[in-house]
Amino acid sequence: MSSTPSFDELGLRPELLRAVAEAGYTTPTPIQVQAIPTILRGLDVMGGAQTGTGKTAGFALPILQKLLPMANSSPSPARHPVRALILTPTRELAIQVEEAVKAYGKYTGIRSTVVYGGVDIRQQLPIVRAGIEILVATPGRLLDHVEQKSVNLSQVEIFVLDEADRMLDMGFIPDIKRIMALLPATAKRQNLLFSATISNEIKKLADQLLNAPTLIEVALRNTAAETVAQSVYKVATDQKRALLTHIVSSRNLWQVLCFVRTKHGASRLARQLEKDGLKTTAIHGDRSQAARLEALDDFKAAKVQVMVATDVAARGLDIDDLPLVVNYELPYVPEDYIHRIGRTGRAGATGQAISLCSPDEEKLLAEIERMLKRTIPVATLDGLTPRSPDLFTQRPSAQRATREVRETRGTKRPPHAATPASHSNSPASHSKSHAAHADSHAPRRERAADADDRNPDQAPISRDADRTGNPSALVLTGAAGRPSLHRKRPIPALLMKRATREPEKV
Ligand code: AMP
């Protein structure tokens, strides 16, 4: 028996209940149960929740309801000032949130739109100038609109800061402060802050933004960790690709989301996996908006086997029911591990998360395990402990991978510090750099030395990674000096429970 209230018991109006029913929701999620009545009462909220908890409906539904009396069909832009502003760190999340607002608000007559960088601002001008009640935006592009006077924030009644922890990581706080200065006084608006993690820095931000907030926390962190079967392969860096290819192709998996740390690394791995015969795409901040959306669409439609992603690009993506998330490289920030594996095992479904941990990543693994308060089981191939140098010798793709590694060994990678990764930080260049990368500000907080292999759309390194490990220390060798595995044997550690998806005909 459940004591969960229904949506109509939360005080929502029929226009919204109808849209909720059409979205197929029968019961509110825990964050919705708490957030909807609180926001309807006009209180500020500090929400400890991440994407996947239903938090978007948790704030969008009451916002729409509060704005219902202001709905009108006047053609005058003056009758449609921005009354609710929702800030998100990434374009993808902004798009997703606005789609949700549109879906929930389809019977309300409230106008909404989304603005984000990476696309021509001129396309957005007529829509925002025509007037909209709910604006979803990434911070940089919003400031561009303010500079162009296409958006006026002086009548904002409700301000939402979504994924505040990621905003912090990405160096958006100065922009957010500038935006807050353009809003009516804190006391005159309702403020909602959502963050997957509530650190001291987030609390400080909340102190400046929120007025006697109600704290609402939903514990997805451990839930995600519990519904996802996690395992880690101890593997040399130069064998990761062969292992990944083996995992995906031996099980004919589709929709595998594979995380790496850098945009550069994402492109390279995607190219290499394609060469290995896997249908692959990549999503990261260096790709155009159109390319990112296309990659995402293909992935959602199960037209690709692997999507290689950086943390920030994949952040907040609402992709349901993924069979497998692979941490090809462990994240520098342990919390990112939770975000990554949260892409699978959603809504109680079982999911799998596999991490490929090279010797130099042992420290990162230890930090993740400390955060999880548990150890992640070590997976082995075919019952062998991971010590076979010939592990993949029967697989042509792996031979190729090893050969390529050998060929490049000893060749130091040229520094990339002066690549597009280096963004200008000066106020003068602010507008331009935003137009190009509205959500790519991470380098602002980085040391120059890190710029070499860092990702501008990746959270800054907060802990030192051990880069001194000996990559050959854990080279896969047979437990008893036994060489290799059989070519086609499945990997027992991969207990894939769900049916394999078949690719759609393209
Ligand atoms: P969010 O955390 O807002 O990104 O939501 C994650 C996913 O949950 C989205 O696909 C929503 O459509 C879905 N969702 C939100 N609320 C509910 C609900 N009450 N019942 C079922 N699914 C929901």
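Helices (H or I, at least four residues) and strands (E, at least two) are here taken as DSSP runs, numbered from the N terminus. On that basis, the secondary structure of the chain comprises 18 helices and 14 strands.

Good morning, colleagues. What we have is a predicted model, in which local features need pLDDT of at least 70 and side-chain atom pairs count only at pLDDT 80 or more, whereas totals for chains, interfaces and linings use all residues. Residues are numbered from 1 along each chain as its sequence is written, and side-chain values use heavy atoms, with hydrogens and water left out.

I begin with the chain as a whole. Buried means under 20% relative accessible area, exposed means over 50%, and partly exposed lies in between, with a 1.4 Å probe and protein chains only. Of the 506 residues of the chain, 56% count as buried. The chain exposes about 21100 Å², an area that comes from the Shrake-Rupley method with a 1.4 Å probe; for residues, only the protein chains shown count as cover. Contact means heavy atoms within 4.5 Å. Among contacts in the chain with a separation of 6 or more, 79% are made by residues 24 or more positions apart.

I turn now to the seven-stranded sheet. Two strands pair if DSSP finds at least two bridges between them. In what order do the seven strands of the open sheet lie? The order is S3-S4-S2-S5-S6-S1-S7, and the pairing is parallel. At the edges are strand S3 (112–115) and strand S7 (214–217), each of which pairs on one side only. Direction ignored, neighbouring strands of this sheet are turned by 15° against each other on average; axes are lines fitted to C-alpha atoms, for helices over the stretch in contact, and angles run from 0 to 180 degrees between N-to-C directions.

Let us follow some individual pairings. S3 is joined to strand S4 (residues 134–137) by four bridges, and the two run parallel. Within S4, Leu135 is the residue that stands opposite Thr113. S2 and S4 also run parallel, joined by four bridges, with Leu87 opposite Ala137 of S4. Four bridges likewise connect S2 to S5 in parallel, and there Ala84 faces Ile158 of S5. Are the two faces of S2 covered or exposed? Both are covered: Ala84 and Ile86 on one side, and Leu85 and Leu87 on the other, are all buried.

Helix H3 (residues 55–67) lies across strand S2 (84–87), S4, strand S5 (158–161) and strand S6 (190–195), and runs at about 170° to S6. Helix H4 (residues 91–104) lies across S2, S3 and S4, at about 175° to S3. Thr56, found in helix H3, has a relative accessible area of 19% and therefore counts as buried. Setting aside residues up to four places away in sequence, Thr56 touches Val97, Ala100 and Tyr104.

Strand S9 (residues 256–259) pairs with S11 in the parallel sense over four bridges, and Val306 in S11 is the bridge partner of Val256. S10 and S11 run parallel as well, joined by four bridges, with Val308 of S11 as the bridge partner of Ala282.

Two residues of S10 deserve a mention. Thr280 lies in strand S10 (residues 280–283), and counts as buried because its relative accessibility is 11%. A polar atom of the Thr280 side chain lies 2.9 Å from the backbone oxygen of Leu278. Which residues is Thr280 in contact with, leaving aside its neighbours within four places in sequence? They are Ala270, Leu273, Glu274, Val304, Val306 and Val308. Ile283, also in strand S10, is buried, with a relative accessible area of 0%. The C-alpha atoms of Ile283 and Ala309 are separated by 4.9 Å, although these residues are 26 apart along the chain.

I close with the cysteines. A disulfide is a pair of cysteine sulfur atoms within 2.5 Å, and the structure holds zero disulfides. Cys258 is buried, at 0% relative accessible area. Cys357 is also buried, with a relative accessible area of 0%. Thank you for your attention.

Notes: A polar contact is a pair of N or O atoms within 3.5 Å; within protein, one must be able to donate a hydrogen and the other to accept it, and residues adjacent in sequence count only if both atoms are side-chain atoms.
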